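Dear colleague,

Please find the structure below, together with its sequence. My notes on the backbone follow it.

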Number of protein chains: 2
Amino acid sequence: MAYELHYWPSIQGRGEFVRLALEEAGAEYVDVARRPLADGGGARNLAQLMDELAPAPFAPPILVADGVVLAQTANILLFLGHRHDLAPRDEIGRLLVNQLQLTIADVVDEAHNTHHPLSSGLYYEDQKDAAKAYAEHFRKERIPKYLGYFERILKGNGESGAGLASEALTYADLSLFQVVRGLQYAFPIAMESMAPKLEATLALVERVAQQPRIAAYLASERRIPFNEEGVFRHYPELDGEI
Amino acid sequence: MAYELHYWPSIQGRGEFVRLALEEAGAEYVDVARRPLADGGGARNLAQLMDELAPAPFAPPILVADGVVLAQTANILLFLGHRHDLAPRDEIGRLLVNQLQLTIADVVDEAHNTHHPLSSGLYYEDQKDAAKAYAEHFRKERIPKYLGYFERILKGNGESGAGLASEALTYADLSLFQVVRGLQYAFPIAMESMAPKLEATLALVERVAQQPRIAAYLASERRIPFNEEGVFRHYPELDGEI
């Protein structure tokens with residue numbers, strides 16, 4: 001049976017981490033909210049579905065698999081990684097990939113906060129000053145700290161071909177790809193100025209992009225372009241050198 | 001061999017979720033940073049240890065178990081829950097508890113942001129206006145949304161004795177206890193005004209507090225009191241009715 005992915009239809013957002021794992025796994029799935037309204041697609045149908053599912057998820061993304069309802073990005077990936085060999089088979093190896101994914105989730109949360117530092121319930125325009133202050137700290141302190149951390153791990157793992165947690169790519173590598181591409185979209189100046197320090201990371205991003213299934217996905221209409229409704233938004237006033 | 005927990009020695013913080021699980025499990029553990037400086041305790045030794053561990057954790061809490069180094073609160077709990085029967089034994093049950101824990105982690109992140117909305121690198125005093133704006137949204141929109149969600153789950157599970165995910169208590173129940181107690185400490189007015197809508201949640205909190213091992217822990221010196229260095233801080237200017 002095909003997986004059902006339920007996520008906001010017009011953004012990459014947190015759902016994109018799940019989409020990348022499903023694509024790399026070659027799994028059959030339906031991106032339900034992207035279907036026509038009459039077929040149950042659209043944001044309104046998604047909101048309604050949220051009230052009907054059990055156990056109730058707090059928020060999308062949601063994966064329905066053989067009647068099982070799973071939410072929380074890192075949790076869905078833990079499940080998919082195990083089923084589709086996108087994580088090591090042993091318990092400790094899987095926990096390490098989960099740990100990396102949770103640190104990536106922290107970056108994603110903070111990237112979201114750069115444009116919504118005060119409340120998700122306010123427009124960006126109504127929290128622009130706070131956004132500028134937040135984004136400056138994020139660029140100068142947090143991006144170097146997070147990406148420096150992943151760079152050290154990748155360098156420590158040695159030869160090219162190695163991902164964050166093993167010689168095979170894991171879903172944490174797919175997620176790091178997504179975060180780096182997102183940060184490059186949102187903060188092109190900052191990321192350009194940091195590029196010399198991210199040799200191993202940028203090489204990994206390139207390797208992920210060239211995986212046949214990922215390359216096909218990125219070139220397809222299934223990949224929603226980055227835009228100013230998602231987590232990674234390009235507001236030039238928030239960008240600058242690190 | 002006893003577990004080693006590595007966490008900042010003067011706060012509950014995120015480490016407290018791990019402490020509660022270790023205590024309820026009756027596990028032998030050393031809260032390393034709380035030992036005297038000469039025995040490797042203190043924040044400075046913790047910072048140094050962080051550089052030496054492999055695989056490198058991004059931040060505390062860190063659990064060392066039989067040579068395995070684990071970080072990220074929810075990840076450590078996933079490991080401990082499985083080992084100490086603080087989660088269901090089947091895969092889907094475990095994923096559900098993990099999902100709940102990740103939603104609790106989101107509350108914790110936002111509770112932290114109420115006093116540090118712009119940057120963890122700035123003093124509270126230097127981001128007080130933003131903190132007031134953030135805290136107001138957090139109180140009025142986020143606390144009701146999150147706690148309303150857990151309340152609905154607990155009510156749906158029916159009879160007293162049932163936790164969030166099963167009839168036995170899981171680590172997600174311990175974590176919800178900690179979050180509610182933390183919110184009550186930080187936002188006493190808001191939490192008091194919401195109490196009538198949290199019947200099942202407050203009953204669960206009471207049940208957790210009365211578990212013999214938890215009760216003994218809470219009465220001991222091992223339990224660090226809430227204070228204004230941790231995640232949940234009582235700044236009266238951030239509190240108010242919901």
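This is a predicted model: local features need pLDDT of at least 70, side-chain atom pairs count only at pLDDT 80 or more; totals for chains, interfaces and linings use all residues.

**Backbone geometry**

In chain A, Asp66(A) is located in the loop between S3 and strand S4 (68-71).

Most residues other than glycine have a negative phi, and most peptide bonds are trans.

Asp66(A) is not a glycine, yet its phi is positive, at about 50 degrees. How exposed is Asp66(A)? Its relative accessible area is 48%, which makes Asp66(A) partly exposed, because the partly exposed class ends where exposed begins, over 50%.

Asp85(A) also has a positive phi, near 55 degrees, and is a residue other than glycine. It belongs to the loop between helix H3 (73-83) and helix H4 (91-115) of chain A. With a relative accessibility of 47%, Asp85(A) is counted as partly exposed.

Turning to the peptide bonds, which form does the bond from Pro60(A) to Pro61(A) take, cis or trans? It is cis, and its omega is near 5 degrees. Pro61(A) sits in the chain A loop that runs between helix H2 (43-52) and strand S3 (62-65).

In chain B, the bond from Pro60(B) to Pro61(B) is cis, with omega near 5 degrees. The loop holding Pro61(B) lies between helix H2 (43-52) and strand S3 (62-65) of chain B.

Yours sincerely

Notes:
Residues are numbered from 1 along each chain as its sequence is written. Chains are lettered from A and ligands numbered from 1 in the order in which they are written. Side-chain values use heavy atoms; hydrogens and water are left out. Helices (H or I, at least four residues) and strands (E, at least two) are DSSP runs, numbered from the N terminus. Buried means under 20% relative accessible area, exposed over 50%, partly exposed in between (1.4 Å probe, protein chains only).
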